[in-house]
Amino acid sequence: VLFRSISIYDLASGRETQRLPQKQLPYDLRFNPAGDKLAVSSHPSSKVEIWDVASWQISDSFTLPKAVRGLAWHPHEGSLAAACADTRVYVWDIGNKRIRTVLAGHQAEMLYVCFSHAGDLVYSVSWDGNMILSDPISTRPLFSHRGAYGEFAFSRNDRWLGYVPDLQRAGVWEVATSKECRILRLEPGSGNGFVNCVFSPERQWLASTHPDGVHLWDTASAKEIAFLPETNTYSVIFRPGGRRLLTSGAAGLQQWEIETRPENATAKLTVGPPQKLGPWNDLGCACLDRRGASLALVVENQVHRFNLETSTEEALLKQSQGFDFATPSPDGKLVAASALRGAVVRICASQTGELLKDLPATGVARICFSPDNQWMVTASSEDYCFWKTASWTCRRTIRRERSGAMRCGLAFAPDGRLAA
């Protein structure tokens with residue numbers, strides 16, 4: 001970096017290939033992970049400039065409240081962290097041209113900022129030697145230490161972080177992150193909340209439904225790897241083998257083929273295009289039996305069974321107030337259905353539609369069978385009732401405390417001995 005200019009060098013030949021004029025003294029330079037953009041901060045400017053490497057023209061810029069010093073690109077997303085003299089770190093969304101998050105906690109002007117290679121931690125240092133590790137999603141400070149100076153980085157596996165406590169010593173921090181809990185962050189504009197989520201059979205992917213569509217995540221990296229722009233999707237289901245995805249919602253019942261790509265490809269997998277199954281539109285809940293052969297569907301005021309192997313369907317249950325939820329038993333012999341405004345849970349034979357039992361249960365929003373078919377649990381905003389399927393008697397009731405009428409979650413362990 002020469003005074004008020006930036007020199008670009010070809011490393012193979014050692015020649016200067018470009019010189020970028022600057023109005024002020026450049027402070028920090030950072031290429032993005034793709035190498036096609038160069039971010040520049042200048043002293044004592046509050047403006048950050050983004051240069052396009054192909055044309056060596058300024059393609060974008062943003063201004064913060066005070067002077068900007070250190071810069072850091074997120075390793076996977078199109079965002080840039082900037083250390084500001086107002087004691088904060090600002091994460092700027094390049095694509096949407098807006099501040100994504102603001103990290104606070106320092107008491108002095110910021111000097112340096114750095115992302116971990118996974119992008120789930122931010123390391124920042126201020127003039128007073130205070131170092132803070134922060135969560136860039138929640139913006140919460142996770143760890144702080146007084147007595148760290150200079151510019152340092154994470155090791156490639158993010159386990160180690162270097163620092164200098166004074167001019168005579170250097171040190172290394174061991175970073176022990178909590179991998180048992182990861183936050184999956186949607187891009188701005190995806191809408192609030194989610195409706196449903198499910199793991200693939202081998203647990204390598206997670207699919208979640210949101211107001212803007214279906215998002216697919218890589219569970220190892222906690223990164224989004226595919227998106228299906230299917231708004232108003234209610235259910236998402238992986239078929240056995242994990243290479244086909246089923247969705248139900250405003251577009252009806254659809255099946256999406258999943259194709260994996262080589263590791264060096266731009267996208268790890270491609271999904272679709274969708275194949276429409278059945279004649280319906282505007283479907284509600286859909287649940288797959290354990291064999292993966294048939295679905296229980298809520299179609300208007302009826303419960304239908306759809307055979308995925310033969311693409312045939314038949315209506316099983318009907319009632320005037322309609323149904324909101326239906327699920328097959330793991331062995332595929334039964335279907336249970338409920339309505340939020342109903343007073344019973346109806347049990348029928350999946351092959352014939354014969355009504356077998358009406359269980360007294362009000363406002364049931366979720367039904368779940370144990371893997372061994374021995375138990376069925378009905379869940380409402382008030383309680384969970386455990387029914388013995390051999391006699392259809394309620395053996396245990398667990399009250400929901402302070403639920404606030406929130407949607408009830410329920411899951412059985414694979415051996416059926418534990419319920420959450």
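Phe31 lies in strand E3, residues 25–31; helices (H or I, at least four residues) and strands (E, at least two) are DSSP runs numbered from the N terminus. The model is predicted, so local features need pLDDT of at least 70 and side-chain atom pairs count only at pLDDT 80 or more, while totals for chains, interfaces and linings use all residues. Residues are numbered from 1 along each chain as its sequence is written, and side-chain values use heavy atoms, with hydrogens and water left out. The protein has zero helices and 36 strands. Its radius of gyration is 28 Å, well over the 22 Å that the globule rule gives for 420 residues, so the protein is more spread out than a compact globule. That radius is taken over C-alpha atoms, and the rule is 2.2 Å times the number of residues to the power 0.38.

**Whole protein**

- The C-alpha trace spans about 85 × 45 × 35 Å along its principal axes.
- Of the 420 residues, 48% count as buried (buried means under 20% relative accessible area, exposed over 50%, partly exposed in between, with a 1.4 Å probe and protein chains only).
- Among contacts with a separation of 6 or more, 34% are between residues 24 or more positions apart; a contact means heavy atoms within 4.5 Å.
- There are 46 positive and 43 negative side chains, and the centres of the two sets lie 3 Å apart. Lys and Arg count as positive and Asp and Glu as negative, without His and the chain ends; the charge is placed at NZ of Lys, CZ of Arg, CG of Asp or CD of Glu.

**Largest nonpolar core**

- This core has 26 residues, of which Val345, Ile347, Met376 and Trp392 touch the most other members. A nonpolar core is a set of buried Ala, Val, Leu, Ile, Met, Phe, Trp, Tyr and Cys residues joined through side-chain atoms within 4.5 Å.
- Strands that each supply at least two residues of this core include E26 (294–299), E28 (312–318) and E31 (344–349).
- The largest share, four residues, comes from E30.
- Beyond four places in sequence, the residues that Met376 touches include Val345, Ile347, Cys368, Cys385 and Trp392.

**Individual residues**

- Phe31 is partly exposed, with a relative accessible area of 46%. Beyond four places in sequence, Phe31 touches Lys37, Leu38, Val53, Trp56 and Trp73.
- Phe31 and Ala72 are 41 residues apart in sequence, and their C-alpha atoms are 8.8 Å apart.
- Ser79, in strand E8 (residues 79–84), is buried at a relative accessible area of 1%. Its contacts beyond four places in sequence include Ala72, Trp73, His74 and Arg100.
- Leu283 sits in the loop between strand E24 (269–277) and strand E25 (286–288) and is buried, with a relative accessible area of 6%.
- Leu283 and Asn232 are 51 residues apart in sequence and 9.7 Å apart, C-alpha to C-alpha.

**Backbone geometry**

- The peptide bond from His43 to Pro44 is cis, with omega near 0°; Pro44 is in the loop between strand E4 (37–43) and strand E5 (47–52).
- The Gly272 to Pro273 peptide bond is also cis, with omega near 5°, and Pro273 belongs to strand E24.
- Thr139 has a positive phi, near 70°, in the loop between strand E13 (130–134) and strand E14 (141–146). Thr139 is partly exposed at 26% relative accessibility.
- Asn373 has a positive phi near 70° and lies in the loop between E33 and strand E34 (375–380).
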